[in-house]
Amino acid sequence: MLILQPRCKILSPIGRKMVRFLSRVVLLPFLGLFSFSSLAIPRRGRAEYYLERNLNFFFVFFIALIFIFIYTSMLRPGTALAADGQASDAASPTMPASPVGSAGAMPTNAKTARAVLSKETTIVRGGLLGCVKQRIFTDMLDSVPGGYNILICDNKGAEILSICVRMHDLMDHGVTLVEDLGLPRQPVLSSAAIYLIEPTEESVRRVMQDWSLKSTYREAHVFFTSPAPDNLLQLMASESRLVEALKTCKDMLLDFAVPETLLFSFGMQGDIQKLFPPDVALAGGRENILGQTARRLVSVFFTIGAGVPTVRYQGTSRLAQQVARLFAEQVNAAARGNPSAFRLSSANGGGAAQPEEPPLLILVDRSFDAVEPLLHERTYQCLLNDLMPLENGIYRQTFEGRGGQEGTRSCPIDEQDPYWCQYRHRFFTACLEDFPRKLQELIDANPALAKGMSGNIAAGGNKLADVGSAIRALPEFQERQAKLSVHIDMCTKMMELYKQQKLAEVCEVEQDMATGRHSFKEVYDSVHRLAADVSLPLPVRARLLLLLCAATNTREFTEAKKLMLLQETALTSEADRCNSLNMFISRMGQLPQEKAEGGGGSDKASSPNNRGNTLGVLMRRSLRTNRTTRHETNPSRSGSPTSSGGNSSAADTFHNQAYLILNAAVHNTLSPADFPFFTGVSGAGLASVANAGRGTAAAGAVQRRRTLRSGVYGNDAANHTGAMGGPDGETNVTLDLGHEGQYALKSRQRVVLFVLGGATFGEARAGYEISLLTRTETMVGGTSLLTPAVFLSALTSLR
């Protein structure tokens, strides 16, 4: 209950407390006593009775007015107190509120004042997921007046909301009810209806049905997830009652999926078949997929809200160049039609002391890295989507009920799961060790909840206070226990599939091919031996063969050797897939793995101590731990569990091209020869606007003509001055990764790598790794999310 603060010190603090006490404790019984006495008067003459009752009433009313006058004379309107009665200076006109500490005088120390000011202007970014969430709140929910609004969604709208927000977030922004557009609903004439729908004829007609016979809600606000065509707007205009009630009709430009904080996709099914071979896509055929991609990229950067991006593209890709041109044209058209479309302030925070630096967009197609989608990566998320892919992020867990019957429950694996967020990029061995240990620690910390409160209560071993605290802690305990049991169940099934497919040795040979750490003869012999083993599943043998084609220099692996290997391993049926894979093999402009290792010592000279790894069955021999040592700033993301003794478990050493390109882009060492800037639009369009923030760095790069092989990691100070926020590389921007923690950024720029043909989960992991390694927000997106099974199927259909 909010009470008010005295306006002036008419009375002493004791006097004010006494007045409050009398007004609350004495006045109410006084009123009740006189009311009761008026009813208990014995019946005498009618005139005397009514006269005495009226006198009692006026007397009570007069006393109440006196107390109200005394109490309100001490009040200052608009000033609130906390629940404990302590005054808050939030509404004081003479003293601004302090964001830290208790209310009161402003800090007098200059250093403290600067710290408070810095804290006030700190911007917290939530990645692209945070941008989408903020846009839903600011541009949709908060724009509708009223506090009891109803949100109505179709399937697409519900999918967007379920990823970004929860019900308590909607209630904070005036939404009290969320309903399905496809189900019958009761009319609520006192509330406004907020429609979040996909611009399809079916959804529009369902909205029209709500207003066809009578008004169902007070008013209507329609928000489309993507730009609505004119014919649908004309269809809506044909319903007169809807037109009268329609207050808002807006395109939200949210026609992309954001399954993770730093990952997005367009969900284009069959995108590889539509993009390759490139000649058909460049001609505008197959549903004009390049135009759709460019339009959705405009929606992505509109949602980010950090200005017009600088565009670079893969120099050997005609698809990437065409998308860059279409994207530039659509950005220029949007900027001319709506100058505020690409606002230069971040969507995640206002009041920034420094202007936002335009983001950098790097466009590539799937040919930039044909090794990544064929490799068995042994991080938790990659291996899960390789061995048993999840459908819409849902894991079906089987369990045995109380009656012995077997049941199935759906378990979402998403950003709301803390264990998933913390372990999805960890090496699989760490998950196998840590999940059972965490479950045991949870049980040991809550023995009463683990055994069940009913048995303890019956034994008389618990006091009533203990029972109450245990009951309050029970939901959290059950939730954590359930999530850990789900991850243990998934890891158990994955380990069984891992052993059945004999991936321990296969993964080692794949790492040899991908990193080039062994000679071609050794690798060829290993592939020949494993591919001829009929006990291995056919997809595993086929992936070994295709990976050899993608990772080996054609001068060493000639067509004659390829045909001989196909015949000797009885894999002649894979010849068509090998031919299709040639469209995705592009070795020009690729960063070599040797540069990714930092140029330090030799791999043969260094070997990690794996005695601490109790699950060494996953690997045939010890692996290099380059990735583990690279993440000393955040050990929880490395492949090793932070166990005592300092021993680190092995991690795969292959760095995909996404990792290398993002790292080079952050350090301004990305070759303009291999990844040129797009400057093909005439006039004051994309080139002049986008390159304003990075013109110096781009010009310097063009003069040096540095290639990817001549300098992958530029550590000189000149390369960092264009990207870092200040002389010490400090900014007031923080990246919030949810359950993974918050990290102070050194650069205000965002770097976005977009893959035509689909991005893999390994490339998504590269975005997180580079973000934490360089403290620069880097995102990865694609026309779809690509798994090895989908890539193999696409190769088959491209025959």
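User: At what angle do α4 and α5 pack?

Analyst: This is a predicted model, so the values are computed from its atoms. The axes of α4 and α5 are 10 Å apart. Their crossing is left-handed. The packing angle is about 115°.

User: Which residues of α5 meet α4?

Analyst: On the α4 side, the contacts come from Leu129, Val132, Lys133 and Ile136. Their partners in α5 are Ile160, Leu161, Ile163 and Cys164.

User: Why do the buried residues of α5 lie on the same side of the helix?

Analyst: Helix α5 spans residues 155-164, and Gly157, Ile160, Leu161 and Cys164 are buried there. An α-helix has 3.6 residues a turn, so residues three or four places apart point the same way.

User: Which elements do the buried residues of α5 pack against?

Analyst: One partner is a helix already discussed, covering 127-141. The others are at 149-153 and 188-197. By name, the partners are α4, β4 and β6.

User: Are α7 and α8 roughly parallel or roughly antiparallel?

Analyst: Helix α7 covers residues 201-209 and helix α8 covers residues 230-237. Their axes come within 10 Å and cross at roughly 15°. Angles under 35 degrees count as roughly parallel. Therefore α7 and α8 are roughly parallel.

User: What is the handedness of the crossing of α7 and α8, and which residues of α8 meet α7?

Analyst: The crossing of α7 and α8 is right-handed. From α7, the contacts involve Glu201, Val204, Arg205 and Met208. The α8 residues they meet are Leu232, Leu235 and Met236.

User: How many residues are in the largest nonpolar core?

Analyst: Ile136, Leu363, Tyr380 and Leu581 have the most contacts inside this core. Beyond its neighbours within four places in sequence, leucine 581 is in contact with residues including Ala370, Leu546 and Phe791. Another core, of 21 residues, lies apart from the largest one, and Leu360 and Val780 are among its members. The largest core has 134 residues.

User: Is leucine 474 buried or partly exposed?

Analyst: Leucine 474 is in helix α19, residues 464-500. Buried means under 20% relative accessible area. The relative accessibility of leucine 474 is 27%, so leucine 474 counts as partly exposed.

User: What distance separates the C-alpha atoms of leucine 474 and leucine 449?

Analyst: Along the chain, leucine 474 and leucine 449 are 25 residues apart. In the model, their C-alpha atoms are separated by 6.7 Å.

Technical notes:
Residues are numbered from 1 along each chain as its sequence is written. This is a predicted model: local features need pLDDT of at least 70, side-chain atom pairs count only at pLDDT 80 or more; totals for chains, interfaces and linings use all residues. Side-chain values use heavy atoms; hydrogens and water are left out. Buried means under 20% relative accessible area, exposed over 50%, partly exposed in between (1.4 Å probe, protein chains only). Helices (H or I, at least four residues) and strands (E, at least two) are DSSP runs, numbered from the N terminus. Contact means heavy atoms within 4.5 Å. A nonpolar core is a set of buried Ala, Val, Leu, Ile, Met, Phe, Trp, Tyr and Cys residues joined through side-chain atoms within 4.5 Å. Axes are lines fitted to C-alpha atoms, for helices over the stretch in contact, and angles run from 0 to 180 degrees between N-to-C directions. Angles under 35 degrees count as roughly parallel, over 145 as roughly antiparallel, 65 to 115 as roughly perpendicular and the rest as oblique. A crossing is left-handed if the near helix is turned anticlockwise from the far one by less than a right angle, and right-handed if clockwise.
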